[in-house]
Amino acid sequence: MQLTPMLESFIMHFGEMGSRWGFNRTVGQIVALLVISEEPITANDIADALRISRGNVSMGLKELQAWRLVQLQHKPGERKEYFQACGSIWEMANRVFEERRKREMDPTLTLLRDILLDKPANGAEQHAQVKLQEIHDLLEGISKWSGELQRLGPDKLNTLMKLGSGVGKVLDFKDKLLAKP
């Protein structure tokens with residue numbers, strides 16, 4: 001697979017962004033390549049296109065399969081394994097968000113709940129628990145809100161995002177109305 005400068009630029013950028021989204025750079029590049037590929041491609045084709053080792057591709061594909069972002073396909077009469085991105089961009093984004101929630105937010109919420117059940121031993125711990133409760137409440141709210149967003153289909157979520165700034169203006173207007181005597 002020959003990459004044009006435009007496609008290579010996108011893939012390289014996606015690799016850099018991948019490290020901010022919970023993947024390493026190579027895994028980000030692999031998923032970017034699979035997303036823009038019209039047809040499923042082999043691990044060897046991925047290695048050639050990205051100029052990385054076959055072993056690195058294999059490890060990256062395993063990680064992407066664990067995230068449920070890539071699926072393996074077989075073509076009739078061929079022994080080669082082909083890979084393609086799983087689902088739409090919305091579905092993939094949802095999976096990344098869900099996996100990050102499981103890996104990052106859920107353990108933090110569990111730790112905070114355990115700490116908040118303990119009786120503070122002194123004033124410093126009592127003060128800390130107040131702050132930890134705030135963190136817990138924020139993360140719990142984000143978790144519930146994101147769960148609701150994930151249940152929306154892409155069309156409804158897209159509509160909600162378009163309404164976002166309008167909703168903010170309505171809430172500001174409501175606050176102004178309620179503030180008047």
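A crossing of two helices is right-handed if the near helix is turned clockwise from the far one by less than a right angle. In this predicted model, helix 3 passes helix 4 in such a right-handed crossing. Helix 3 spans residues 43–50 and helix 4 spans residues 54–66. Their axes come within 9 Å and cross at roughly 115°. On helix 3, the contact is made by A43, N44, I46 and A47. Helix 4 contributes R54, V57 and L61. By class, five of the contact residues are nonpolar, one is polar and one is charged.

The largest nonpolar core holds 26 residues. The members that touch the most others are I30, L33, L34, I46 and L61. Five elements each supply at least two core residues: helix 2 (25–36), helix 3, helix 4, strand 3 (81–85) and helix 5 (89–117). Helix 2 gives the largest share, six residues. In soluble globular proteins, nonpolar side chains tend to be buried together.

I30 illustrates the packing around this core. Neighbours within four places in sequence are left aside here. I30 is then in contact with I46, L50, I52, N56, V57, G60, L61 and L64. Two of these partners, I46 and L61, are also listed among the core members with the most contacts to other members.

The relative accessible area of S143 is 14%, under the 20% cut-off, so S143 counts as buried. Beyond its neighbours within four places in sequence, S143 is in contact with R101, M105 and L109.

Conventions
Residues are numbered from 1 along each chain as its sequence is written. This is a predicted model: local features need pLDDT of at least 70, side-chain atom pairs count only at pLDDT 80 or more; totals for chains, interfaces and linings use all residues. Side-chain values use heavy atoms; hydrogens and water are left out. Axes are lines fitted to C-alpha atoms, for helices over the stretch in contact, and angles run from 0 to 180 degrees between N-to-C directions. Helices (H or I, at least four residues) and strands (E, at least two) are DSSP runs, numbered from the N terminus. Contact means heavy atoms within 4.5 Å. Ala, Val, Leu, Ile, Met, Phe, Trp, Tyr, Cys and Pro count as nonpolar, Asp, Glu, Lys and Arg as charged, and the others, Gly among them, as polar. A nonpolar core is a set of buried Ala, Val, Leu, Ile, Met, Phe, Trp, Tyr and Cys residues joined through side-chain atoms within 4.5 Å. Buried means under 20% relative accessible area, exposed over 50%, partly exposed in between (1.4 Å probe, protein chains only).
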